[in-house]
Amino acid sequence: AWSRSNLLLTASMDRFVRLWHVSRPECLHKFSHSDCVTAVAFHPSEDNFFITGCLDKNLRIWSLETGRVVLW
């Protein structure tokens, strides 16, 4: 998922969502999950939040500012 501020979120079967920036070769942050992550999307108007879908049957809303789940 791409943000309007050139950030990229990638979901993976290794139980992590990774945050990237187009100008950096390394991952900026890893967001851990309890199972495989199958979906990720930035909030449509607030790039500071994103949602993930996981095989543990939970949706999570994350804050980029804190790196934590703000809502399950």
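Not counting residues up to four places away in sequence, Asn6 touches Trp20, His21 and Val22, where contact means heavy atoms within 4.5 Å. The model is a predicted one, in which local features need pLDDT of at least 70, side-chain atom pairs count only at pLDDT 80 or more, and totals for chains, interfaces and linings use all residues. Residues are numbered from 1 along each chain as its sequence is written, and side-chain values use heavy atoms, with hydrogens and water left out.

Asn6 belongs to the segment before strand 1 (7-11). Its relative accessible area of 41% makes Asn6 partly exposed; buried means under 20% relative accessible area, exposed over 50%, and partly exposed in between, with a 1.4 Å probe and protein chains only. Asp47 stands 41 residues from Asn6 in sequence, and the C-alpha atoms of the two are 10.0 Å apart in space.

Arg18 counts as buried because its relative accessibility is 19%. The side chains of Arg18 and Asp14 are joined by a polar contact of 3.0 Å. Such a contact is a pair of N or O atoms within 3.5 Å; within protein, one must be able to donate a hydrogen and the other to accept it, and residues adjacent in sequence count only if both atoms are side-chain atoms. Apart from neighbours within four places in sequence, Arg18 is in contact with Leu8, Leu9, Thr10, Ser12, Cys27, His29 and Lys30.

The view now widens to the whole chain. Its secondary structure consists of 0 helices and 7 strands, these being DSSP runs (helices H or I, at least four residues; strands E, at least two) numbered from the N terminus. The radius of gyration is 11 Å, close to the 11 Å that the globule rule gives for 72 residues, so the chain is as compact as a globular protein of that length. That radius is taken over C-alpha atoms, and the rule is 2.2 Å times the number of residues to the power 0.38. Along its principal axes, the C-alpha trace spans about 35 × 25 × 20 Å.

Of the 72 residues in the chain, 29% are buried. Among contacts between residues at least 6 apart in sequence, 21% join residues at least 24 apart. The chain exposes about 4600 Å², of which carbon and sulfur atoms supply 56%; accessible areas come from the Shrake-Rupley method with a 1.4 Å probe.
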